[in-house]
Amino acid sequence: MSRLMRSPSGDDHAQGSLDAPLMMVEYGDFECPYCGEAYPVLKAVQRAMGNELCFVFRHFPLSGAHPHAERAAEFAEAAATIGKFWEMHDILYENQQALTDHSLVIYGKRLGMPEKLIESALADGFATRVRRDFVSGARSGVNGTPCLFINGERYDGPREVAHLITALRATL
């Protein structure tokens, strides 16, 4: 079983307290159809687990298979600079079929991203952060998306609400 090689920290995109008893890390790709299927499941798990769970998202764009994934990740990072990472995260997953540069610009404007920030995202200005997440995933044995870790251990079970909640509670 693979272990998470980089522990979650304040540099990560996290929903919930990093001190929560349960930590779930997702390595995801905004264009991956399997990540799109997992998106509402993970939201439901978060709601069900409440304050017991900290959910962390890290980028793992599979650019060879998903040509828009890396740019989408960079736009999410750009949105993070104005405190809108999770809003962009949700928009991207809810609009997986529309991740062209034109669509990303529209989403950025919808979230109030300044024009200079949008230009920076289009010019690969956030590639370093996305690459850091990708490298940490590769070092942790990630080879596809979505890839989940629960309290540092890779979870390869079914990505269904009941199964994930059972696995999380078993960790407690």
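Is Asp-90 buried or exposed? With a relative accessibility of 18%, Asp-90 counts as buried, since buried means under 20% relative accessible area, exposed means over 50%, and partly exposed is in between (1.4 Å probe, protein chains only). Keep in mind that this is a predicted model: local features need pLDDT of at least 70, side-chain atom pairs count only at pLDDT 80 or more, and totals for chains, interfaces and linings use all residues. Residues are numbered from 1 along each chain as its sequence is written, and side-chain values use heavy atoms, with hydrogens and water left out.

- Asp-90 is found in helix α3; helices (H or I, at least four residues) and strands (E, at least two) are DSSP runs, numbered from the N terminus.
- Leaving aside residues up to four places away in sequence, Asp-90 touches Tyr-39 and Lys-43, where contact means heavy atoms within 4.5 Å.
- Tyr-39 and Lys-43 also turn up in the lining of the largest cavity, along with Glu-26, Leu-42, Gln-46, Phe-55 and His-89.
- A cavity here is a set of points on a 1 Å grid over the protein atoms alone where a 1.4 Å probe fits but cannot get out, and lining residues have an atom within 4 Å of a point.
- How many cavities of 30 Å³ or more does a search of the whole structure find? There is one, and about 40 Å³ of space lies in the largest cavity; a volume is the space filled by probe spheres set on the points, which are joined across faces, edges and corners.
- Helix α1 (residues 33–49) gives the most to this lining, with four residues.
- The lining splits into three nonpolar, two polar and two charged residues. Ala, Val, Leu, Ile, Met, Phe, Trp, Tyr, Cys and Pro count as nonpolar, Asp, Glu, Lys and Arg as charged, and the others, Gly among them, as polar.

**His-13 and its neighbors**

- His-13 sits in strand β1 (residues 13–15) and is buried, at 9% relative accessibility.
- Its side chain makes a polar contact with the side chain of Glu-77 at 2.7 Å. A polar contact is a pair of N or O atoms within 3.5 Å; within protein, one must be able to donate a hydrogen and the other to accept it, and residues adjacent in sequence count only if both atoms are side-chain atoms.
- Not counting residues up to four places away in sequence, the residues His-13 touches include Phe-55, Trp-86 and Arg-129.

**Helix α4**

- In α4 (residues 101–110), the buried residues are Ser-103, Leu-104, Val-105, Tyr-107 and Gly-108.
- Their cover includes α2 (69–80), α3 (85–94) and α5 (115–122).
- Just after α4, Gly-112 takes a positive phi of about 85°.

**Salt bridges**

- The structure holds twelve salt bridges, each one a side-chain nitrogen of Lys or Arg within 4 Å of a carboxyl oxygen of Asp or Glu.
- Asp-124 pairs with Arg-71, with their closest N and O atoms 2.7 Å apart. This pair links distant parts of the chain, 53 residues apart: Asp-124 is in the loop between α5 and α6 (127–139), and Arg-71 is in helix α2.
- Arg-154 and Asp-156 meet in a salt bridge too (2.9 Å, N to O); Arg-154 is buried at 15%, whereas Asp-156 is exposed at 60%.
- Salt bridges that share partners also join Arg-6, Asp-12, Arg-58, Glu-77, Arg-129, Arg-132 and Asp-133 into one network.

Technical notes: On a 1 Å grid over the protein atoms alone, a cavity is a set of points where a 1.4 Å probe fits but cannot get out, and a pocket is an open set with protein on both sides within 12 Å along at least five of seven lines; lining residues have an atom within 4 Å of a point.
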